[in-house]
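I opened this one to see how its parts hold on to one another. These are my notes, in the order I looked things up.

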Amino acid sequence: QVPHQGRLAPSMKPWMSPGEPQAPFSFPAPRWPVECEVIQETIEHIEWVPPKPEPFCPPMGPEQPMYSLSEEQGTTVYHSSPALQGSCFTRARVRGAPGPLSSPAAPLEGPQDTTLLFESRFESGNLQKAIKVGPYEYVLMLRPDLYTAKHTQWFYFRVQNTRQEPLYRFTIANMAKPKSLYGQGLQPLLYSQQDAQTCGIGWRRVGTDIRYCRGSAGEPPLFQLSWTVRFPHDSDTCFFAACYPYTYSDLQRYLRALAADPVRSRYCTVQALCRSLAGNSVYLLTITSPGGTAGKRVVVASARVHPGESGGSWAMRGFLDFLLSAHADAQLLRRLFVFKVVPMLNPDGVVVGNSRCSLAGRDPNRAYGMALPGSFPGVWHLRAMVQRVLAEREVMLYCDFHGHSRKNNVFMYGCDAGGDGTETRLRQRVFPLMLSKNAPNKFSFSSCKFQVQKSKERTGRVSMWRLGVSHSYTLEVAFSGSTLDGRRSHFSKEDLESLGRLFCDTLLDFCDPAPAK
């Protein structure tokens, strides 16, 4: 039985103290809209760090679009499209659509058939259609965010029946944004199951002749991302992704290990802040040293309000890993503060492979402050929790972890009011400036912005600031990598996770009573 969507989970006590005995916390399987078909296989990837940084690919100049969207020029070899556009979410269940699965991929005609077999009906997958336009050339269409007709940016899908010798070309024909880091050297990610099993190699950057340009005429305009690639093996199972995937099940595995750890669970409680529209738990972690919270200030952090920005989850994981470690600085942070952390604000969007929206078909990071707990439960209950906490004590800092598709490096957005004095304006800039000094080859202070635009009033950052959180930020992590300190290379998972640790270092610097800092 799932609590009413958007309702506060019954176990929710805002000041449940770490160190108290916890009831065993369950992590049920993800729930999907009933229109979505889901394959039975569990998709998991090994973790691996490339032995050296992966440089940006020399970008190709803008070209004419390679393909119009007419299908006459090719053969549809994969088509998986729930009839959702224009409709709205009604109900969800574990494993999605009931009954036997359809077969969206065209069957092979024999061992000589070199057609790739596509699949994306798994967590965070979102390929809608593949059209074969040449022996080794495919035009791909991404599924828009569910219950919308737009927001195509994230991608994650599987291919089988690969050949090692030929050069393949893939063109995603319905990207939504006019500007992209693919025009500045960003490469897609490839994962080879054979390489993972035999060599311990995980996700890596691939692709040559990468182009990003406007597609055929139409309103709204669509854009095309194209790349060529050679697969490492014959008859391999491979995956492509826009950024390192981090699914709802990945988070559940992390939290299950945390809850079962007798040491870390002494200073970290895991609760359900609320349930999503589909009935998935929006998890809340409370982290502080055992023995009471009297006099402690609060730090609030969240991630994955935009499901396609998976880099935010890897930075969040680094943040949690450090904060829950035995490191002396981590112990000091737990003694000084109570941390309230929501690592995945939009689990439904992550499960179904959306880029930006929840199952309400709208961007939840434009819904703070709206009286709609039933439509946007994650952000509504996060804001309500911060309001309750502010009634008792100071919330010193809020940070929402995001990914960015158009600018390199890591940077922050803060909050300045137009009438603020110089001291207030400068105080907003201290934390990002310190972070830039702690992470000089990743964080760009010159890319930070602090104005509060009218269009951003209902974002988490501005909403928390309006409630009275004096330092409220969005942390933006590029989908690509760093151009700082002589680097021109992609971020690895290790780079992304190190941001979490560097964020913790900066919190201590920021709160250091010694004025030298």
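**Entry 1: the domain interface**

I started with R253, which forms a salt bridge with E44, the closest N and O atoms being 3.8 Å apart. This is a predicted model, so I read every distance here as a property of the prediction. How many salt bridges are there between domain 1 and domain 2? I get two.

For the bounds I took the domain assignment, which gives domain 1 as 30–52 + 68–242 and domain 2 as 248–510. The C-alpha centres of the two domains are 29 Å apart. On the domain 1 side I find 35 residues in contact with 37 residues of domain 2. The area buried between domain 1 and domain 2 comes to about 3000 Å², and carbon and sulfur atoms give 51% of that.

I then looked up polar contacts across the interface of domain 1 and domain 2 and got 21 residue pairs, both residues at pLDDT 80 or more. Which element gives the most to the side of domain 1 that touches domain 2? It is strand β1 (residues 31–33), with three residues. By class, I noted 15 nonpolar, 11 polar and nine charged residues on that side of domain 1.

**Entry 2: salt bridges elsewhere**

Next I widened the search. The count comes to 19 salt bridges. As a reminder to myself, side chains of opposite charge can pair when their charged atoms come close.

One of the pairs is D209 with R169, where I read 2.2 Å between the closest N and O atoms. This pair links distant parts of the chain, as D209 is in strand β11 (residues 208–214) and R169 is in strand β8 (residues 168–175), 40 residues apart. Is R169 buried or exposed? At 11% relative accessibility R169 is below the 20% cut-off, so I put it down as buried.

I also followed R356, whose side chain meets that of E309 in a salt bridge at 4.0 Å, N to O. Here too distant parts of the chain are linked: R356 is in the loop between α5 (347–352) and α6 (377–390), while E309 is in the loop between β16 (297–303) and α3 (311–323). The two are 47 residues apart. R356 counts as partly exposed because its relative accessibility is 21%, whereas E309 counts as buried because its value is 7%.

R366 and D363 form another salt bridge through their side chains, at 3.9 Å from N to O. I have R366 as partly exposed, at 27% relative accessibility, and D363 as buried, at 13%. Salt bridges that share partners join E309, R356, D363 and R366 into one network.

**Entry 3: positive phi**

H151 is not a glycine, yet its phi is positive, about 70 degrees. I find H151 in the loop between β6 (137–142) and β7 (156–160). Its relative accessible area is 23%, so H151 goes down as partly exposed.

R304 is another residue other than glycine with a positive phi, near 60 degrees. R304 sits in the loop between β16 and α3. At 2% relative accessibility, I count R304 as buried.

I checked G481, which is in strand β22 (residues 481–482). G481 has a relative accessible area of 0%, so I call it buried. Which residues is G481 in contact with, leaving aside neighbours within four places in sequence? I listed F56, N408, N409, S489, H490 and F491. I also noted E54, 427 residues from G481 along the chain, with 9.3 Å separating their C-alpha atoms.

Last I looked at S281, in strand β15 (residues 281–287). S281 counts as buried because its relative accessibility is 7%. The side chain of S281 makes a polar contact with the side chain of R275, at 2.5 Å. Not counting residues up to four places away in sequence, S281 touches Y248, A272, C274, R275 and P347.

Key:
Residues are numbered from 1 along each chain as its sequence is written. Side-chain values use heavy atoms; hydrogens and water are left out. Domain bounds come from an automatic or database domain assignment. Contact means heavy atoms within 4.5 Å. Buried area is the accessible area (1.4 Å probe) that two parts lose on being put together, summed over both. A polar contact is a pair of N or O atoms within 3.5 Å; within protein, one must be able to donate a hydrogen and the other to accept it, and residues adjacent in sequence count only if both atoms are side-chain atoms. Helices (H or I, at least four residues) and strands (E, at least two) are DSSP runs, numbered from the N terminus. Ala, Val, Leu, Ile, Met, Phe, Trp, Tyr, Cys and Pro count as nonpolar, Asp, Glu, Lys and Arg as charged, and the others, Gly among them, as polar. Buried means under 20% relative accessible area, exposed over 50%, partly exposed in between (1.4 Å probe, protein chains only).
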